[in-house]
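This report describes the fold of one protein chain.

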Amino acid sequence: MNRALWIWWGLLLAVLAVGLESAGRAGPKLLLEDLSVRTWTKEGGLPDDSVTAVLQTRDGYLWVGTMGGMARFDGVRFVVFKPTPARSNELVRVSALCEDSTGRLWVGSQDGGLLCYTNGVLRRFARNAGLCDQTITAIAEDAAGTLWVGTPLGLNCLKGSEVERFTAKDGLPSDFVSNVHVSRSGTVWITTTAGMCQYKEGQLLAFPFQTDIPGRSPLYLGVYEDRQGNQWAFGDTYLVRIDKQSGEGRRLNYFHSGDTSSMRIWSLCEGRNGQLWIGTSRQGLYCFADNNLLPLTLRGGRLDRK
């Protein structure tokens, strides 16, 4: 993966940390000048500099997954967690994080299956052998408490002690699941290397999605729903409202400047006032607000306009 991913994941981690410190504090509209940036690396306590997943759980802790393991951040220091029983040379390459409705933290790994953190202990999922693959690409929970787990070889549906598997034979556009997102309406959005589909009322339904750039790979598609219920799709070089496929409010934006051949959007995160923070490779960090796309840069420990 592109090294720029890790750089901008680190910056988004810093933005999230600012939100952690200010959560629940009323005040005027957040301005760029209000944001300070602090960077953490392996020297500062991270298991590894390659950050692959970030999640703030309901208890306020920030969990960080890396290629060298997982750590919990309390605003002061990182505490590294290993599976129990631990082996001295065991390395968990974290690929996805998800907190379920009961407060359990689910951890996806590369080649190591699914793990679960509960009651202070990190353990491997007892039914890993029943999953489509031991590399986890995405995890999401729906309103019924069902856990959806994406892998390169299909989609897993975890209901209690049961594991149901879906592949292209069952209606997935491709076996390689790159992203899973559950909307507030209950629809499960699944993106694969061959396109998107929805799981609604017990069925996988194809969701045709067109862009104005023929030939762009659907591999990098992702879906995100903000607090207002707006549904966004993002990919190589675009951000689009998929709940408004046409007409005013579609808000389709392209990143034309520079070399876009190897560029992609890696992540989307909503700010306290509804801004969308967009992490990319090749072109850095963007803020999308009031229908404007603002490129940002880091100067003197603060975010500023380019």
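A residue is termed buried under 20% relative accessible area, exposed over 50%, and partly exposed in between, with a 1.4 Å probe and protein chains only. By this criterion, 51% of the 306 residues of the protein chain are buried. The model is predicted: local features need pLDDT of at least 70, side-chain atom pairs count only at pLDDT 80 or more, and totals for chains, interfaces and linings use all residues. Residues are numbered from 1 along each chain as its sequence is written, and side-chain values use heavy atoms, with hydrogens and water left out.

A contact denotes heavy atoms within 4.5 Å. Among contacts in the chain with a separation of 6 or more, 43% come from residues 24 or more positions apart.

A nonpolar core is a set of buried Ala, Val, Leu, Ile, Met, Phe, Trp, Tyr and Cys residues joined through side-chain atoms within 4.5 Å. The largest such core has 15 residues, and those with the most contacts inside it are Trp148, Leu155, Phe166, Leu172, Val180 and Ile190. Strands S9 (138-141), S11 (154-159), S13 (177-182), S14 (188-192) and S15 (195-200) each give two or more residues to this core, with S13 giving the most, three residues. Apart from this core lies another, of 13 residues, including Trp63, Met70, Leu115 and Tyr117. Not counting residues up to four places away in sequence, Ile190 touches residues including Leu155, Leu172, Met196 and Leu204.

Four strands make up an open antiparallel sheet in the order S9-S10-S11-S12. Its edge strands, S9 and S12 (162-166), each pair on one side only; pairing requires at least two DSSP bridges between two strands. Within this sheet, Leu155 stands opposite Phe166 in S12.

Thr135 is located in the loop between S8 (121-124) and S9. Why does Thr135 count as buried? The reason is that its relative accessibility is 15%. Its side chain makes a polar contact of 3.0 Å with that of Asp111. Such a contact is a pair of N or O atoms within 3.5 Å; within protein, one must be able to donate a hydrogen and the other to accept it, and residues adjacent in sequence count only if both atoms are side-chain atoms. Not counting residues up to four places away in sequence, Thr135 also touches residues including Ser109, Gly150 and Pro152.

S15 is mostly covered, with five of its six residues buried.

| Strand pair | Bridges | Residue pair |
|---|---|---|
| S11 and S12 | five bridges | Leu155 and Phe166 |
| S14 and S15 | five bridges | Trp189 and Gln198 |
| S15 and S16 (203-207) | five bridges | Tyr199 and Leu204 |

S14 and S15 form a hairpin with two residues between them. S15 and S16 form a hairpin with two residues between them, and Glu201 in that turn has a positive phi of about 50 degrees.
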